[in-house]
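Work through the exercises below with the sequence and the structure open beside you. Each task is followed by a solution that goes step by step.

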Amino acid sequence: MPAEKKEVISRWTGSAPYWEKHRDIIREMFAPVAEALIAEAQIKSGQTVLDIATGPGEPALTIAERVGLEGKVVGIDVIPEMAEAARREAHRRGFRNAAFEVASADRLPFQGSSFDAVVSRFGVMFFPSPVGSVREMLRVLKPGGRIALAVWHFAERNPFHYAVSKIFERYVDSPPPAPDSPDAFRFAKPGDLLGILSKAGAAAPSERLLQFSIRASIPVEEFWDLRSEMSDKFRTRLACLSNEQRAELGREVVQALRAFSVDDGLSFPAEVLIVSGRKQPS
Ligand SMILES: C[S@@+](CC[C@H](N)C(=O)[O-])C[C@H]1O[C@@H](n2cnc3c(N)ncnc32)[C@H](O)[C@@H]1O
């Protein structure tokens, strides 16, 4: 396995318990992105949909509600602990139309022309071969079926990220990632992921900027716990600090986050690119 993919697997294996622990708030925070993907992929009742890099089950479970019992959703993730967390949630909430499997985006274990739509929220930036993965999405889509992918716009446009990371930079050396390496902002530049869809052969590729609010109905201190646990980068950097430094950094972050306080928690202006295309009708 290439070193980069190994590294991604190790990072996300470490993150899986925290993504499951904070699943409800993650669902709340990124619900507008799930809705944008559903709209862009034109997902309707009765359809069969694939969610790639589903993590602990989103947007797959939101889509399962939308397609209803006449439809079906399959979520895949390369990390077994993520797929297990998604299955546990589907079972807990009584879904009968959602299944989760362990698979990598570049080798989808499905026959050609199986799905009406393929979506992925915050996944494609971590794939070892984004072009190869989009080709796989097109292979498993039915003719005329749609792909919709969500990736972060620039970090500077997203205080959900930078309000915390700029404070980390003062405590720990934080070199930028190598160009085109797996990272949350790999496709932040408008046009980059769009080019990948074109290269992979998607018909009518298009891109739009989604501006929305990330809302988290929790106190600011709890939000800092969530942020420091969800992100592998933050966990790794915190582990390099002394107890005193960690406490000081935490105080600074909580203070900075208060700028985003609202009545029932926190609200951050946010920007995400929604990139879509379809498989040529036969
Ligand atoms: C930022 S999380 C997004 C999870 C979920 N889609 C959400 O929006 O809440 C990224 C996910 O991509 C998964 N992932 C990374 N590389 C992958 C690959 N090659 N194939 C499938 N999933 C992958 C990780 O395991 C992780 O669950």
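A residue is called buried when its relative accessible area is under 20%, and exposed when that value is over 50%. Please keep in mind that this is a predicted model.

**Exercise 1.** Decide whether histidine 161 is buried or exposed, and describe its surroundings.

*Solution.* Begin by locating histidine 161, which is found in helix H7, spanning residues 159–171. Next, take its relative accessibility, which is 11%; because buried means under 20%, histidine 161 counts as buried. Then look at its partners: when neighbours within four places in sequence are left aside, histidine 161 is in contact with Trp152, Phe185, Arg227 and Phe234. With arginine 227, the histidine 161 side chain makes a side-chain polar contact at 3.4 Å.

**Exercise 2.** Identify which residues place polar atoms by nitrogen atoms of the ligand, and characterise the shell.

*Solution.* Start with the backbone, where a polar atom of glutamate 58 is 2.9 Å from a ligand nitrogen and a backbone N or O atom of alanine 105 also lies 2.9 Å from a nitrogen atom of the ligand. Continue with serine 104, whose polar side-chain atom lies 3.1 Å from a ligand nitrogen. The protein covers 98% of the 600 Å² of accessible area that the ligand has on its own. Finally, sort the shell residues, which divide into 13 nonpolar, three polar and three charged; helix H1 (residues 3–21) gives the largest share, three residues.

How values were computed: Residues are numbered from 1 along each chain as its sequence is written. This is a predicted model: local features need pLDDT of at least 70, side-chain atom pairs count only at pLDDT 80 or more; totals for chains, interfaces and linings use all residues. Side-chain values use heavy atoms; hydrogens and water are left out. A polar contact is a pair of N or O atoms within 3.5 Å; within protein, one must be able to donate a hydrogen and the other to accept it, and residues adjacent in sequence count only if both atoms are side-chain atoms. Accessible areas come from the Shrake-Rupley method with a 1.4 Å probe; for residues, only the protein chains shown count as cover. Helices (H or I, at least four residues) and strands (E, at least two) are DSSP runs, numbered from the N terminus. Ala, Val, Leu, Ile, Met, Phe, Trp, Tyr, Cys and Pro count as nonpolar, Asp, Glu, Lys and Arg as charged, and the others, Gly among them, as polar. Buried means under 20% relative accessible area, exposed over 50%, partly exposed in between (1.4 Å probe, protein chains only). Contact means heavy atoms within 4.5 Å.
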